[in-house]
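Subject: Structure for you to look at

Hello,

Here is the structure I said I would pass on. Please open it beside this email and follow along.

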Amino acid sequence: MTITVALANQKGGVGKTTTAVNLAAALGVLEKRVLLVDCDPQGNATRGLGVQASPPHLYQVLFGECAAAQAVRDTDFAGLSLLPADRELVGAEVEFVGMEGWEQQLGRALRDLKEKFDVVLLDCPPSLGHLTVNALTAADQILVPLQCEYYALEGISDLVATVRRVQARLNPRLGLGGILLTMYDERTNLSQDVALEARGHFGDKVFQTVVPRNVRLAEAPSHGLPILQYDIKSRGAEAYLAVAREFLQRI
């Protein structure tokens, strides 16, 4: 049975795309069939896997110019496929305005693909706009990467409110799959305090695994590689393998 998970946080720079790319790669290593859908016009997840986006990509899929299966690309990483995006996807935010049933476009487009994959990961833009709402409407769960700083913690309330609205009006099956603490620095009181507060508020929804600050993890996207291929012995690689194992336990 396929599970669809949206990785979302309206705050940028929290490790959302890093998590999408590296969780997808780690799940592939664990012998799952994974589809990563890049729903962000910045296309960072696409480039993070070393793919140059060219039509057809997600924009054409959303507006019926091609089937999703035609836009899916194989990657060089075991078990991992990609539905890419590029800046043309910016136009979706405008074209969705006034379109009847726009919230369901992504879910409808992916429906025929689901039987081919165990996990579909949706990498959302750093906003609560039309593309993110589409992803939340298509998803079974939301995974929230949370940077270990107070501004990030304060901003999560807006995301939770959006999730509740989507649950009430569009997608009652949407659940909070988990909150993943990223950029954790065990040497600082700030990281420890934010982790403690997040666990106090969200309880067991917070992953036990944390993703540390790691230079090799930050370098990997510039090489178009997940951390497991860039430096499998790094702390970042160890963390995302642990995240993938915990993810599978949770679902």
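This is a predicted model: local features need pLDDT of at least 70, side-chain atom pairs count only at pLDDT 80 or more; totals for chains, interfaces and linings use all residues.

Strands in a sheet pair through backbone hydrogen bonds, and the pairing can be parallel or antiparallel. Here, seven strands make an open sheet with mixed pairing, and their order is β3-β4-β2-β5-β1-β6-β7. Which strands stand at the edges? They are β3 (73-74) and β7 (175-182); each has a single partner strand, so one side of each has no neighbour in the sheet.

Further in, strand β1 (residues 3-7) runs parallel to strand β6 (residues 141-147), and three bridges join the two.

Helix α8 (residues 150-169) lies across β6 and β7, and runs at about 170° to β6.

Helices against helices

Two helix pairs are described here. In one of them, α8 packs with helix α9 (residues 189-202) at an angle of about 25°, and their axes are 9 Å apart. The angle is under 35 degrees, so α8 is roughly parallel to α9. The crossing of these two helices, α8 and α9, is right-handed. On the α8 side, the contact is made by Tyr150, Leu153, Ile156 and Val160. The α9 side supplies Leu190, Asp193, Val194, Glu197, Ala198 and Phe202. Sorted by class, the contact of α8 with α9 has eight nonpolar residues, two charged and no polar ones.

The other pair is helix α1 (residues 16-29) and helix α12 (residues 235-250), whose axes come within 8 Å and cross at roughly 75°. An angle from 65 to 115 degrees counts as roughly perpendicular, and that is why α1 is described as roughly perpendicular to α12. From α1, the contact uses Thr18, Thr19, Asn22, Leu23, Ala26, Leu27 and Val29. From α12, it uses Tyr240, Leu241, Val243, Ala244, Phe247 and Leu248. By class, the contact of α1 with α12 has 10 nonpolar and three polar residues, and no charged ones.

A covered helix

How many residues of helix α7 (residues 130-138) are buried? Eight of its nine are, so the helix is mostly covered, where buried means under 20% relative accessible area. The buried residues of α7 are Leu131, Thr132, Val133, Asn134, Ala135, Leu136, Thr137 and Ala138.

Ser81 lies in strand β4. Is Ser81 buried or exposed? Its relative accessibility is 10%, so Ser81 counts as buried. Apart from residues up to four places away in sequence, Ser81 touches Val34, Leu35, Leu36, Val72, Arg73, Asp74, Thr75 and Phe117.

Pro84 is in the loop between β4 (80-83) and α5 (90-95). Pro84 has 0% relative accessibility and therefore counts as buried. Setting aside neighbours within four places in sequence, Pro84 is in contact with Asp38, Thr46, Ala53, His57, Leu58, Ala71 and Arg73. Pro84 and Pro41 are 43 residues apart in sequence, and their C-alpha atoms are 9.6 Å apart in space.

Backbone details in loops

Where is the cis peptide bond? It runs from Pro55 to Pro56, with omega near 0°. Pro56 sits in the loop between α2 (44-48) and α3 (58-62).

Glu31 has a phi near 70°, which is a positive value in a residue other than glycine. This residue, Glu31, is found in the loop between α1 and β2 (34-38). Glu31 counts as exposed because its relative accessibility is 71%.

Met183 also has a positive phi, near 55°, and is likewise a residue other than glycine. The loop that holds Met183 is the one between β7 and α9. With a relative accessible area of 22%, Met183 is partly exposed.

Regards

Conventions: Residues are numbered from 1 along each chain as its sequence is written. Side-chain values use heavy atoms; hydrogens and water are left out. Axes are lines fitted to C-alpha atoms, for helices over the stretch in contact, and angles run from 0 to 180 degrees between N-to-C directions. Helices (H or I, at least four residues) and strands (E, at least two) are DSSP runs, numbered from the N terminus. Angles under 35 degrees count as roughly parallel, over 145 as roughly antiparallel, 65 to 115 as roughly perpendicular and the rest as oblique. Contact means heavy atoms within 4.5 Å. Ala, Val, Leu, Ile, Met, Phe, Trp, Tyr, Cys and Pro count as nonpolar, Asp, Glu, Lys and Arg as charged, and the others, Gly among them, as polar. Buried means under 20% relative accessible area, exposed over 50%, partly exposed in between (1.4 Å probe, protein chains only). Two strands pair if DSSP finds at least two bridges between them. A crossing is left-handed if the near helix is turned anticlockwise from the far one by less than a right angle, and right-handed if clockwise.
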